[in-house]
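Student: Can we go through this one together? I'd like to start from the folds and end at the contact between chains.

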Amino acid sequence: MYAYDEIDRTLVNERVSEFRDQVKRRLSGELTEDEFKMLRLQNGVYLQLHAYMFRVAIPYGTLSSEQLRRLAHVARRYDRGYGHFTTRQNIQFNWIKLAELPDALADLAEVGIHAMQTSGNNTRNVTSDQWAGVAPGEVEDPRIWAELLRQYTTLHPEFSFLPRKFKFAITASAHDRAAVKIHDLGLRLHKNADGETGFEVLVGGGLGRTPFIGKTIKPFVAGSDLLSYVEAIMRVYNQYGRRDNIYKARIKILVHELGVEKFAQEVEDEWQAMRDGALKLDHEVVEDIRARFSYPAYQKLAHMPEELKKAAHDPQFETWRKNSVFPHKVQGYGIVTISLKPVGGPPGDATAEQMDALADLADKYSFGEIRVGHEQNLALPHVARRDLPALWKALDRIGLATPNVNLITDIIACPGLDYCSLANARSIPIAQELTKRFANHDTANLIGRLHINISGCINACGHHHVGHIGILGVEKNGEEFYQITIGGRADENAELGTLIGPAVRFEEVADVVEDIVEAYLALRARPDELFVDTVKRLGVEPFRERVYATR
Amino acid sequence: MPLVKGGKITTDGFVAVADDAPLPVDVAVLISSARFLEDPEAILQRPGKVGVIWPNNRDVDDLVPHLDRLAAVALVFPTFRDGRAYSQARLLRERYLYRGELRATGQVLRDQFVFMLRAGFDAFDVKKQSDAEAFAQTVQRYSVFYQPTGDGRITALHRRMQLRHSESAGT
């Protein structure tokens, strides 16, 4: 955990006072809605179909139990008793009242949580691997750098009015869980030939109506140069990014139009002019941030304790353990993913009661720490393996032990037309129907790893382009239709999915997914060939045939 | 529109002159970049201070050779959502060491004052009277800054270092 000090707390409090004044001026009419709109967006407040939506940042996906309890409090006190975890390590509340927002922000500020820049045309929440600091084989904890970037990007005087939003993600593992290749700016921590730690810098990834996989513009930037190099990128984008057309304003379009070599050269020229300036990070400063991350005092524990051996006779426990518990860098501990994808439920939602209960379990079993992943699940990052049986029972009691992590029912979905004013079609009911179709765990397990991503419009908040199966809601003559893509992925081998054919009706989507899955089961070379690898090997044609032969 | 300079509402010492109007003598003038670049020498040699209004979609490079002879540069915010002039301001101040008046013009609103000050602006053509009157109070909203800019305010990272060192010196 990163511990806020008085300096960090002061800034967040000053931001709350500023926003309180802005809301007051809006309510009194001193600010027009046009003037207020950007100010509220910079504090995570959208106007949705039914009410204001309030998006709160969970930087690099790390939460303390105290913070999670406070989110539960906000859900209960200011909203309708639940929150929705998003694909960018944020939580959204859908029914907030404008006049109460400053109080909600003040309540969150007390525990070091803010909503700064969770929307608007500025640098958004810096996201990272939800297993940062505990994943075996990690280069180093990427959250040190994510926190440096969080501070650097917060209320930046030059880059708070960019052409469009700007998203950072950072990973330090060979397996990318942070989807860095589909971010405006992706950072991959690695060691160079001399054994020094630094960053591969990728720019111009993103989804939406013009999806691109990010391109590497510099294979190695030393840690001390990270902020100056980032500033060079931001400055080039701020000056030359398009502002004439909102759909062409993301940095991916600038990179595409200039060409990646020219863009990289512009950045290099800018960087050379200022790389040794005030942004240079000296070792002492980095170590100071590093020192403010605390790590648990792990015990020396057995990998296979008695409690686990005994519980292995319970098939339900074993099903959950095999699905939801992942290796930890310290022997005797595990990382437990908490699925927020119950059968028939909206993906990513948690009730205030669940949040409170999970906070208690984190205190009891995970050194008071919770993580949020971009797949819209939570995790307890430091669970002693001997505690797994007890934890499982407790999770099951609060409906948080669905053993479907990484399976076909572990669906990413945006809020869709049920909430969002941008949406063309519903997402949540599609996800709910699919979780019912594939509710049988043995079937889902037989299918193996398969990510379904659903977006209710082309803005792609549900990351449909990079779903193994992607579902995109569109509108045709006032009716909801869905385009289906296959073969996308968001990891270190990120790829955009390929459309399999004409869009289908709402009622047909689940049938089409079943057809695709049946085709895969018949076509896969071995039981452990993943869906996405079968698509890679065979292309979309056999799937297209299977789906459209009877339609 | 009220002009705020030195933290207070003040009368504008410059006269904005249209491109087709003759330049008055011995008066500080504010002229367009197009007019200035037609014949910079002639304009700079004329008695009286010169300020140039520089658009936000043109690199400041063409202005740089003349900076030490300009009394003012006015950068433009066509809407407050267009942030290009923040980059121009920092480049003028921090890279080209421009020390004359740097004026923010266009849709200049209260909620941008702190950002503008930090980017190096020292004069503000404020859109609303009430915002101009609130200037002194508004710029005190923040006491913590995470980024180093040319305005010299100490960053949070360095303030922590100072605190750390003074603590260890005290023990």
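This is a predicted model: local features need pLDDT of at least 70, side-chain atom pairs count only at pLDDT 80 or more; totals for chains, interfaces and linings use all residues.

Student: Fine. How is chain A divided into domains?

Tutor: There are four. Domain 1 covers 6-109, domain 2 covers 142-290, domain 3 covers 306-397 and domain 4 covers 412-548.

Student: How far apart are the C-alpha centres of domain 1 and domain 2 of chain A?

Tutor: They lie 27 Å apart. Each of the two domains gives four residues to the contact.

Student: What classes are those residues on the domain 1 side of chain A?

Tutor: Two are nonpolar, one is polar and one is charged.

Student: Now the cores. Which residues have the most contacts inside the largest nonpolar core?

Tutor: A:Ile170, A:Ile233, A:Leu358 and A:Ile516. The core has 161 residues. Helix H6 of chain A, residues 226-240, gives the largest share of this core, with nine residues.

Student: How many bridges join E8 and E9 of chain A?

Tutor: Seven, and the two strands run antiparallel. E8 is residues 185-191 and E9 is residues 197-203. For one bridge to look up, A:His190 has A:Gly198 as its partner in E9(A).

Student: Switching to chain B. How many helices and strands?

Tutor: Seven helices and eight strands. Buried residues make up 39% of its 171 residues. The C-alpha atoms of chain B fill a box of roughly 70 × 35 × 30 Å along the principal axes.

Student: What about contacts between residues at least 24 apart in sequence?

Tutor: Those are 45% of the chain B contacts between residues at least 6 apart.

Student: And its sheet? What order do the strands take?

Tutor: E2-E1-E8-E7-E6-E5-E4-E3 in chain B. That sheet is open, has eight strands and is mixed in pairing.

Student: Why is one side of E2 and of E3 in chain B left without a neighbour in the sheet?

Tutor: Because E2 (8-10) and E3 (15-16) of chain B stand at the edges, each with a single partner strand. E2(B) pairs with E1(B), residues 3-5, in the antiparallel sense over three bridges. There, B:Leu3 has B:Thr10 as its bridge partner.

Student: Which helix packs on that sheet?

Tutor: Helix H3 of chain B, residues 84-95. H3(B) touches E5 (50-54), E6 (72-77) and E7 (101-106) of chain B. The direction of H3(B) makes about 160° with that of E6(B).

Student: Last topic. How many residues of chain A and chain B are in contact?

Tutor: 31 from chain A and 27 from chain B. Elements of chain A giving two or more residues include H2 (33-41), H5 (143-153) and H9 (283-291). H1(A) gives the largest share, six residues.

Student: And by class, on the chain A side?

Tutor: 13 nonpolar, nine polar and nine charged.

Technical notes
Residues are numbered from 1 along each chain as its sequence is written. Chains are lettered from A and ligands numbered from 1 in the order in which they are written. A nonpolar core is a set of buried Ala, Val, Leu, Ile, Met, Phe, Trp, Tyr and Cys residues joined through C-beta atoms within 7 Å. A residue is buried if 20 or more other C-beta atoms lie within 10 Å of its own, exposed if 12 or fewer, and partly exposed in between; C-beta atoms are placed from the backbone. Helices (H or I, at least four residues) and strands (E, at least two) are DSSP runs, numbered from the N terminus. Two strands pair if DSSP finds at least two bridges between them. Two residues are in contact if their C-beta atoms, placed from the backbone, lie within 7 Å. Axes are lines fitted to C-alpha atoms, for helices over the stretch in contact, and angles run from 0 to 180 degrees between N-to-C directions. Ala, Val, Leu, Ile, Met, Phe, Trp, Tyr, Cys and Pro count as nonpolar, Asp, Glu, Lys and Arg as charged, and the others, Gly among them, as polar. Domain bounds come from an automatic or database domain assignment.
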